[in-house]
Amino acid sequence: MNQEKDPRTGAAVPEEEIPEEKAAGTQQAEAENQQESPAETDTLDAGQNPEPEEKKEDSQKTEKEKKGGNKPKKDHSEFFKSSKFRHGSISTAFTAGFIVVVVLVNLLVGIVGERFPSVNLDLTKTGSNSLSSEGMKVVDKVSLATTITVCATKQQVEGDQIYADQGLKYSQVGSLLAKMAERNPKIQVQYIDLDKNPTFAAEYQSDSLTAGDVVVKTDKRHRVLTYSDLFNIQYSQDYSSSQVYSNVEGALVSALNAVTSEKLPTVAFDTGHAEQQDMTGYQKLLNNNSFETKSFNLLTDAIPDNTQMIVLGLPTRDYTDAEIKKLSDFLGSKTLAGDRSLMVTFSPSQASMPKLATFMEEWGIQVPQAVVVESDQSKFISNNPSDILSDIQSNLQIKKTSDGSAPDYGYFVTPQASPIKLLFETKGDKHTYSLAKSSDSCYLVDNSTKSTDNLPKQASNTAALSQETVKNGDKDYNANVIAIGSSLLFTDGVINSSAFGNGTYMVDLAKYATGTADSSSEVQLSTQPLNATDITMTSQVSTFLGLGVFILLIPLIVAVLGILVYNKRRHL
């Protein structure tokens with residue numbers, strides 16, 4: 001029996017003196033020796049030198065690994081140093097980092113675009129989502145706290161959900177308002193859903209607010225812009241097609257100018273002679289174009305301050321001598337620093353008013369009691385020969401375009417118009433001009449007409465103006481008397497219809513009559529087509545780009561690149 005020897009003396013140590021740990025180790029070694037294979041035992045019996053204990057253990061581990069025994073622990077540091085890990089992890093990290101960067105950039109752009117709308121690119125052909133230089137000037141000079149309220153939700157506006165069936169781009173309204181508010185902190189923009197906030201509409205009962213209306217308000221006054229103020233829809237003659245034009249910037253800038261101006265030209269409407277024509281639509285149109293409108297009684301009230309035009313809307317009672325003098329004094333005032341005008345509307349069924357007629361004749365204007373009827377079916381509307389289309393005359397150019405020519409107002413309809421006769425061209429300081437005229441295929445019908453078969457056809461004036469120069473110190477101003485033969489052209493369905501040019505023309509006429517066409521209250525901004533074509537191409541080119549490039553070529557290129565990257569990574 002083998003005994004443990006003392007390393008110092010070489011003497012044998014009794015078993016009971018062997019430490020328990022060494023004894024346990026000896027017993028484990030004996031157990032391992034008993035598990036040795038017979039071949040190994042035979043080899044030892046042959047007198048060969050036994051292998052060192054460490055080599056035995058290594059060989060035993062190797063044999064166990066070959067036989068599928070317990071596997072040795074892997075060296076993870078080698079895996080992290082491998083090209084597979086390095087290339088794979090870098091690619092994964094790069095991809096994840098790229099996605100994170102894209103998301104962050106997208107969020108950042110969204111936040112910056114919301115906070116600073118001017119950084120958003122305007123991709124429209126006409127630049128309709130950007131403020132013009134003239135618009136910026138008006139926005140910059142706003143010094144009063146101004147609130148602009150859009151009667152819709154912001155989502156509805158940005159998604160073009162307001163009047164979408166008519167092709168209106170209300171997102172342009174939101175875009176321009178955001179840029180105005182960014183440019184001038186005095187301007188605040190808010191969105192209100194009228195269905196959820198009916199109390200807001202109650203504050204503007206006379207304006208009859210509807211979805212899509214824009215309310216521009218200061219402590220001085222407010223203006224309401226409807227969709228017809230913001231957009232203009234022009235139809236073809238047979239109504240088979242239409243073109244939508246944007247007047248968003250012009251309407252918004254004019255409203256801003258109107259609510260912030262210290263003084264606006266005032267148009268006063270007489271209400272003391274049982275006027276039959278409703279002028280509400282015309283008043284609203286003037287209010288939205290830098291005018292102040294007021295109502296008064298010519299008999300009992302003084303003419304309102306700052307009045308530059310008085311309107312008599314189809315009166316049915318004659319005027320007194322005192323009223324006629326009040327009108328004459330207004331037109332000939334030496335203290336009024338500006339142009340001044342009197343506008344009178346007529347109708348074939350209007351009652352006789354001798355004193356008013358005499359006053360008009362002094363200015364060279366006479367209005368017979370008759371109606372202008374059109375014989376050419378292409379020159380009247382609504383299947384009514386008395387709802388005629390008149391031609392705007394250019395002998396008195398009330399407005400000039402940038403190239404000096406007269407603007408094209410399109411269809412100017414004058415329903416049931418009385419003919420206007422000019423008694424002279426020039427008399428003293430007075431000069432008369434035709435503003436609108438019927439075609440030469442028209443004829444006149446009065447109460448004495450029994451048959452229209454043989455009536456002579458002739459052109460008749462449907463609107464006219466008489467002008468006189470008035471001196472105020474060393475300055476000359478114009479005094480105008482305007483006769484409109486058709487009172488019905490002022491009805492809201494006509495003057496505010498985008499199908500006709502009545503509204504545009506009557507605003508321009510009012511600006512000419514008050515001498516404000518070139519003043520600071522006038523904002524000249526041209527309308528822009530909404531559906532202007534950015535790119536024109538043939539159907540063959542369109543098919544090639546759509547099918548060949550986007551459906552076939554681009555996916556093929558992506559697939560080839562994917563295969564190449566996959567093969568390259570397989571051999572890393």
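## How two helices cross

Helix H6 passes helix H11 in a left-handed crossing. This picture comes from a predicted model. H6 covers residues 133–140 and H11 covers residues 248–260. Their axes come within 9 Å and cross at roughly 25 degrees. Angles under 35 degrees count as roughly parallel, so H6 is roughly parallel to H11.

Which residues of H6 meet H11? On the H6 side they are Gly 135, Val 138 and Val 139. Their partners in H11 are Glu 249, Val 253, Leu 256 and Asn 257. Sorted by class, the contact of H6 with H11 has 4 nonpolar, 2 polar and 1 charged residues.

## The sheet

Now let us turn to the strands. Four of them form an open sheet in the order S4-S3-S5-S6, and the pairing is mixed. At the edges sit strand S4 (187–191) and strand S6 (222–225), each of which pairs on one side only. On average, neighbouring strands of this sheet are turned by 15 degrees against each other, direction ignored.

Strand S5 spans residues 214–217 and pairs with S6 in the antiparallel sense, over 4 bridges. Here you can find Val 214 opposite Leu 225 in S6.

## Helices on the sheet

Helix H8 (residues 171–183) lies across strand S3 (146–150), S4 and S5. The direction of H8 is at about 145 degrees to S4.

Which strands does H11 touch? H11 packs on the sheet and touches S3, S4, S5 and S6. The direction of H11 makes about 165 degrees with that of S6. H11 therefore links the two parts of this tour, as H11 also meets H6.

Technical notes: Residues are numbered from 1 along each chain as its sequence is written. This is a predicted model: local features need pLDDT of at least 70, side-chain atom pairs count only at pLDDT 80 or more; totals for chains, interfaces and linings use all residues. Side-chain values use heavy atoms; hydrogens and water are left out. Axes are lines fitted to C-alpha atoms, for helices over the stretch in contact, and angles run from 0 to 180 degrees between N-to-C directions. Angles under 35 degrees count as roughly parallel, over 145 as roughly antiparallel, 65 to 115 as roughly perpendicular and the rest as oblique. A crossing is left-handed if the near helix is turned anticlockwise from the far one by less than a right angle, and right-handed if clockwise. Contact means heavy atoms within 4.5 Å. Ala, Val, Leu, Ile, Met, Phe, Trp, Tyr, Cys and Pro count as nonpolar, Asp, Glu, Lys and Arg as charged, and the others, Gly among them, as polar. Two strands pair if DSSP finds at least two bridges between them.
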